[in-house]
Amino acid sequence: DPLLRVEDLVVQYPTDAGTVHAVSGVTFDVHRGETLGIVGESGSGKSTLLRALLRLTPHTGGSVRYRDTVLTDLGEEPMRRLRPSLQMIMQDPIASLNPRRKVRDIVAEGLRIWPDRVTTSVEEQVAAGLDAVGMDIGIVGDRRPGSFSGGQCQRIAIARALALRPDVLFCDEPVSALDVSVQARVLNLVHDAKEALGLTVLFVSHDLGVVKSVSDRVMVMYLGRICEIAPVEEIYESP
Ligand code: ADP
Ligand code: ADP
């Protein structure tokens, strides 16, 4: 069975200028343990799709099943309980980190919200999350986000997600705001964390090169629809 099954998902935004058809009936599976890359030009519906899968944006039609649970039918409270398993990494890491908090408290944020995700101890899971992104809690734990680069902030945001021991990591343009020189480092650690922790990853980017470097399969979106979905070695740069 696939880990996620998306069937005929539709997302529309009502606006003063009329209805925006952001996602227009997409159907695909995500297999356990794979990295599925989602690529397409700006406005093709990638962000909307990720947000709708996580119920952060309301869908207009279709269904999303995660394991045995139909997310699109789920009430707020059961959805809230699933959120630690389904973690999201966003484009702008600095905006997502509270500048006044120490790194150790930022990485612990999810564990405070979902205490049932603490299986060993908060301290141990915070240290493990930081370790998974190549950071030592003894060195960075008491520092605050302002003293880190964009790439380091993205690693802290990833550590915060990993401390929850999620099942699926949803990445929305996680390296697009970073210098090219640090992009590869962040991509590598997403890949390494996925392997080490047995994660399933959905990775959205407008950059085909970036998507190909991390993905097992690639899904190409255009105007809210899937125009191709294939193993990464079958996806070619098109002019
Ligand atoms: P991508 O992530 O591929 O850039 P988006 O999902 O952000 O695509 O956008 C898909 C389409 O939906 C675009 O036409 C965009 O302008 C529109 N859109 C996105 N968010 C909203 C919104 N909150 N209200 C209205 N239209 C939106
Ligand atoms: P991206 O393309 O990286 O997804 P955008 O810069 O298109 O992001 O959009 C940034 C924010 O503006 C998002 O929250 C998106 O939902 C919202 N947005 C995008 N297009 C529209 C639109 N046409 N009307 C209203 N909000 C929009």
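1. The crossing of helices H7 and H8 is right-handed; a crossing counts as right-handed if the near helix is turned clockwise from the far one by less than a right angle, and as left-handed if anticlockwise. In this predicted model, the axes of H7 (residues 150-162) and H8 (residues 180-197) come within 10 Å and cross at roughly 15°. H7 and H8 are therefore roughly parallel to each other, the term for angles under 35 degrees. Axes are lines fitted to C-alpha atoms, for helices over the stretch in contact, with angles from 0 to 180 degrees between N-to-C directions. Helices (H or I, at least four residues) and strands (E, at least two) are DSSP runs numbered from the N terminus.

2. Ligand 1 is surrounded by residues including Tyr13, Val20, Glu41 and Thr48, where a residue is near the ligand if one of its heavy atoms lies within 4 Å. The shell divides into three nonpolar, seven polar and two charged residues; Ala, Val, Leu, Ile, Met, Phe, Trp, Tyr, Cys and Pro count as nonpolar, Asp, Glu, Lys and Arg as charged, and the others, Gly among them, as polar.

3. A backbone N or O atom lies 3.1 Å from a ligand oxygen in serine 44 and 3.0 Å from one in glycine 45. For lysine 46, an N or O atom of the side chain is 2.8 Å from an oxygen of ligand 1. The protein covers 60% of the 560 Å² of accessible area that ligand 1 has on its own (Shrake-Rupley method, 1.4 Å probe).

4. Strand S1 (4-15), strand S2 (18-30) and helix H1 (46-53) each give two or more residues to the shell around ligand 1. The largest share, three residues, comes from H1.

5. Arginine 55, not a glycine, has a positive phi of about 60° and is placed in the loop between H1 and strand S4 (61-66). Leucine 223 also has a positive phi, near 50°, in the loop between strand S9 (217-222) and strand S10 (225-231).

6. Residues are numbered from 1 along each chain as its sequence is written, chains are lettered from A and ligands numbered from 1 in written order. Local features need pLDDT of at least 70 and side-chain atom pairs pLDDT 80 or more, while totals for chains, interfaces and linings use all residues, and side-chain values use heavy atoms, without hydrogens and water.

Key:
Polar contact = N/O pair within 3.5 Å; in protein donor to acceptor, adjacent residues only side chain to side chain. Parallel < 35°, antiparallel > 145°, perpendicular 65-115°, else oblique.
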